[in-house]
Amino acid sequence: MSDEDGADLLALCCDAVADLDDTALRDALEYFDPDLVYVVRESSDVRVVSRLRRAFDGPVVSAGGPADVRTETVAGITFVFAGSASLLEDRPEDDETQTAEYVVCDDIEPTTDAVMLESTLAGREPIARYQSRASGTATVLTGALEAGYDHVWEPTVDGERVTIPVQGVAPLRRSGAAELACLTCDRRGSVAVSSAPADRFGLRALANVGPTTAQRLRTNGYETRAAVAETTEADLRSIEGIGASTARAIRHSARSLAESRVVRRTDELVPPAAETATPLFVDIETDGLQSTIIWLIGVYDPQRDAYVDFVDTDPSRDEPGATTRKFVSWLAAEYDAPSLVTWNGHAFDYKHLERFIARDVPEFRDYWREDVFTYDLYDWAVRREHAVLPGRTNRLEDVAEALGCDRSGAAAALDGKSLAERIRRLLESERPSGAGSEDRAAATAASTGTAIDWAAAREYCEADVRELAAVSKAIATAPLETDSAGSETGGAELETNGAEMETEQERTTDDSTTQTGLADF
Amino acid sequence: MPTDDIDDLTDGQDSTGADGLALTGAELRDTFPSRRYHGQLHERFTLPAEPASHVPAREVLPADLAATLEVDPWSHQAEALEALSDGENVCVATSTSSGKTYVYGLHVARRFRENPDVRALLVYPTKALSRDQERELNDLFDSLGLDVTVGVYDGDTKREEKARIREEANVVITNFAGLNQYLEGHHRWAAFHAECELIVIDEAHSWTGISGMHAAWILRRTRRLIDWYGGDPQYVLTTATIGNPAEHARALTGEPATVIDEDGSPSGRRHLAFWDPPTDGGGGEYEDGSGDTEWSPSKRPATVEAPEVWAHCCYHGVPSLLFCDSRKQTELAVGRAREYLENPTLPYRNSADLAAYNAGHGKRSRRSTENRLKDGELDGVATTSALEVGIDVGGIDGTILMGYPGSRQSFWQRLGRSGRDEREALSVFVPSHATLDQYILRHPEYLLEEEPESAVVDLANNPVYLQHLRCAAQELPLRREDADRFGGIDRLERAVEYGRRTGDFEGSLAGGVTYAHRDRPQSEINLYASSGNAFEVRLAGEETFDNQAIGKARAYRDYHEGATVLYRGDQYEVVELQEDRPQPSVTLEPVDVDYYTQSQRRTTIYDTEVRESRDVGPFRLNWGYGTVTVHHDTYTKREIGTGDVLAVGLETGVPPLEMRTQLCWAEVPDAVEQAVTAAHSDYHNDECEELPPRLHGYLGGIHAIEHAMIAVAPLELTVDAADLGGLATNRLPDGTDASGWFIYDAVEGGLGFSRRIYEEYEAVARRARDLMTDCPCGRDEGCPACLMDDRCGNDNRPLYAPAATDVIDALLGEVDPAALRSSANADPDDSTERRPPASVS
């Protein structure tokens, strides 16, 4: 398992981190805990780079500055950094660059012509030639593309067909702050990406704290989140520019983060609100954000202390609703008026369940619409601002981890996105189609990916569902903060400072709730 | 003969009765004050009345439904209903006020009786029209005693209403911009999609060019989702008369449609007069512009003449609408009309009750004007296109058009506002000095006899295709089965591979291609721009302005700093064009000035790729792709109404814009070039110092052809001449030695217009020739009405009509190049002289 761990490379863009003060910078480095920091070429700034060198005791490689070639080996993985692709050609055979698992070069990016639908990879020639002399196929990382970009190019260079796997590393541009990406690079050229918004470190990690407020806090002697957590609301309010509700919000989030616990902001009943309703915690697994199939549904009943799942180990596009059917018919048989609780269900789980019920299980449509109550704990807590959650982001796994839930074994090694990827490839492989280049690439990818370990997948889903139950319990048992006077108004818009979810689509609360009958909680 | 004013004066209040039209075209002339009449009445036409043609209701509808109908349907409505019950798609291409709503209204009604869960999607051009339709349909269903629910679902719909409409409404009315957004949440429309039996696209002719492309792809995405949920709807398109309704219906929906164009609705006799404003100072000659390149027409502007004609009609008992281009014009027109009637030297005793009507007036004010019109309290209303469609305006007997509205469809639409049912009506067309107006004045057959313009929707534009593929992939993963609907398997595969390389797509067609990012690609779609880089339009001091972004090409062309623009009928000046930010924008400030601006462009074209070619006469004609660099570096200020130049050579400050687009070009054969050059080698334009003197004539010729062909293109196609560009050159960029001229689509990826021009080249060239020879200016160098293009980057020189007509004659095979040559002085050194390249745009 340790072989799988790989090296962590944190990629930064100077304009994304220029605003971070030293505390925040250190906080970010602590959070990501990288083995190596890479500063992309775009908007490179020597002052920022030198701050990074002071703050981080591992290697900091900057793509700005004079072009050269440099190798770094961390956690057993070798990275070659090339300021210019042409420098990679004609290296001596015994050079250490020849055995690298990764080549990092910002020259590598697609050139595009949308009118002609043509795209080629800039820098492919030097890379191809380098590869032909090196041992093995290095994965190319580039700061010219955002993290998450993952494509295997197959150009023809010098008359030969070559394979160049390219991954992006640059921060993700969002409507708010950019998201910094940390890439876990393993021995086999596989990369896993985790990211966090650049403005969520140091004091900025607190709710309602933007650059101005952070400055004000610092001026008034609050350098760290812990300091803010320990002070009173009145003290915060006394700072110019911080009003009553802001002071409350800041303090709640500081305590939540510092003490790793949920902080209740209102006394609204935690969903499901009705006395007699017992929650059923639900999570679904699909083949991606725009799913064509739901292949695994996990359900936990805390009253019966029973976990049940419905899985399709032979998923097929001919019967994409098979699992949904099993789930809904079981639900209807066991529960007259169940209350389902999800994490971000309105944007994901319910959206897809409804689609498949409408089309593939229409006989249960009325039951679903009239007798099943659907709740979304994330929506209740985060969007409607009834609770502040610990964890750097509001993703379920981050919140659960902050609350002390531990994942181990098979469930720890998986993540939703890669699982979805594997299911997609499984579905593709059932169709042996013509030899288009994209099919070949898919086949190549499928062959390098592993087959699906169904037991592990089921464990993963169960872990998700149980974590959801644990978070729900933590919220329900968290005492109401004595400092807050009365309840906040519900139904507010998305927190502007709130971190985004991995599975969340950006939307306003126009996204309709689907429960019928029960009043708004 | 104009009658003597004093004796034959008729009191304005003396109407000839409720049924009669107070003035025919001849009577208009005869009653016009003699001191103001200088032969303006150019032509008169009488269009005969058309009787109604009914079909008994029970022949097309189930008996009990037919019984509740108050009036039998007209023949075209009946035909459409029959085609629908046969399972066909239908394209109803009849005149306005021919009851097209009833076609789909009745179809929904009869389907409802079989299946109360039936759903229909109606796509309307605007939110205002949507609500009018809602009322009209509710009235219809009420009168039929049916419980069909209708709901408007768009940006103005209240949040609480939205869920109810999605779940319950049988008929949902929306618009394309809204539809584009709502597709993203298609799971909420599951029930609607599953039962959807009808999709109606209203005013389908208006979806052409860029907006037509977007509409076509949005419809395909919609249909794909409806199919996924199990629905299988038919299409009904309603359109004004266009030259190619079947083709257009197919381009928009992807499916064939039965065209219903025999109009069974009645219309009364119509008198149509062409009223040409006189020259200023009465009966004078045109200014001689020899030696100078500026030529100003000294005719009375239509903006002055038309309100007077209108006033006269209203005064004489012909309640009339005056159609103006802008809100300001409507207010000015009312002022001028009143002044005219109050002029003591003219024989008008009383005034007339006149009002202006435009979108700038509040809702209450507009309702009040509409009601006063209906009740006969107003004699006349000056309006913008706001009154071109929609509400019933009661007893209007006359329509005066101040200038040509730009298309035949619009022209007839406006005329049709007078004379409802079988009433006799009068319409007067007062042309402005613009090219098209003058052309139509001299070629009325264009309006009365010829085929209307063809709508053009070009699905070949790849940047737009990609935008919609991204949306489609986000809505549901793209699969092989989608290829038929989305460009065919080859194009789809190429686009998917392109998207995978650029990081927009993940997966393969076998397993499903999904959109790789977390944003909503639907928000990138702007119905009036071709791809990203849209500029937001802002009002100084405020946020955005109606959310209507404009494309980059248009921003550079019309929204540079210092430009004046008309936005919703009001005048603004562009005070800032900002490109450095992630969201580029232009900022406007309201102004009230008496000039308008127009930018000139300099064009270069290279890297051409021939996709198709054919021979036209001895010429080679090509169509394909090329890289066009357009630089709108200067602009002029011109006086509104007269077009007089107030300032020239002002700097826009915008950089050149490079785009890859579709174009067509003609290669002139050597023999023709040499012959024409020789025949006109004596012509010199002193201001063209940079060109070799003996080439002025020939280059002036091909330059003139390029201008003229673009100017007349709107007569054939539903194109805005601003969306086309051209370049005439002594040496084509593809390496041949030939000279020729280009016409290109001024939008990245192309619009399909240059393609159409390529296909109809001979017809367009012929019209261009007519434009040159018929113009009354009689100048070899042309005038703004024929050859001069306000946007010409070369200051409209050299332009030389005699050479142009020779070249066109050769193109059309009507003259032998040898004949041309022999009429010139033979120069033995011709063939040995090396021609330097020279391009004129």
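Modeller: Chain A has an open sheet of six strands, ordered 4-5-6-9-13-10, and its pairing is mixed. Two strands count as paired if DSSP finds at least two bridges between them; strands are DSSP runs of E with at least two residues, helices are runs of H or I with at least four, and both are numbered from the N terminus. This is a predicted model, in which local features need pLDDT of at least 70 and side-chain atom pairs count only at pLDDT 80 or more, while totals for chains, interfaces and linings use all residues. Residues are numbered from 1 along each chain as its sequence is written, chains are lettered from A and ligands numbered from 1 in the order in which they are written, and side-chain values use heavy atoms, with hydrogens and water left out.

The edges of the chain A sheet are strand 4 (69–74) and strand 10 (150–153), each of which pairs on one side only. Neighbouring strands in this sheet are turned by 30° against each other on average, direction ignored. Axes here are lines fitted to C-alpha atoms, for helices over the stretch in contact, and angles run from 0 to 180 degrees between N-to-C directions. Contact means heavy atoms within 4.5 Å.

Strands 7 and 8 of chain A come next. Strand 7 (residues 109–113) of chain A runs antiparallel to strand 8 (residues 118–122) of chain A, and five bridges join them. Glu109(A) stands opposite Ala122(A) in strand 8 of chain A. The two strands form a hairpin with four residues between them, and Leu117(A) in the turn has a positive phi of about 60°. Asp158(A), which is not a glycine, has a positive phi of about 55°; Asp158(A) lies in the loop between strand 11 (156–157) and strand 12 (160–161) of chain A. Most residues other than glycine have a negative phi, and most peptide bonds are trans. The bond from Pro271(A) to Pro272(A) is cis, with omega near -10°, and Pro272(A) sits in the loop between strand 16 (263–264) and strand 17 (279–286) of chain A.

Chain B has an open sheet of seven strands with mixed pairing, in the order 1-9-14-13-10-12-11. Strand 1 (41–47) and strand 11 (354–357) of chain B are its edge strands, each pairing on one side only. The twist of this sheet averages 15° from one strand to the next. Helix 13 (residues 327–342) of chain B packs on the sheet against strand 10, strand 11, strand 12 and strand 13 (398–402) of chain B, its direction making about 170° with that of strand 11 of chain B.

The chains meet through 48 residues from chain B and 49 residues from chain A. The area buried between them is about 4200 Å², with carbon and sulfur atoms giving 50%; buried area is the accessible area (1.4 Å probe) that two parts lose on being put together, summed over both. The count between chain B and chain A is one salt bridge, meaning a side-chain nitrogen of Lys or Arg within 4 Å of a carboxyl oxygen of Asp or Glu. Arg369(A) forms a salt bridge with Glu167(B), with the closest N and O atoms 3.2 Å apart. Helix 7 (159–168), helix 10 (209–229) and helix 19 (488–502) of chain B are among the elements that each supply at least two residues of the side of chain B that touches chain A. Helix 19 of chain B gives the most to that side, with nine residues.
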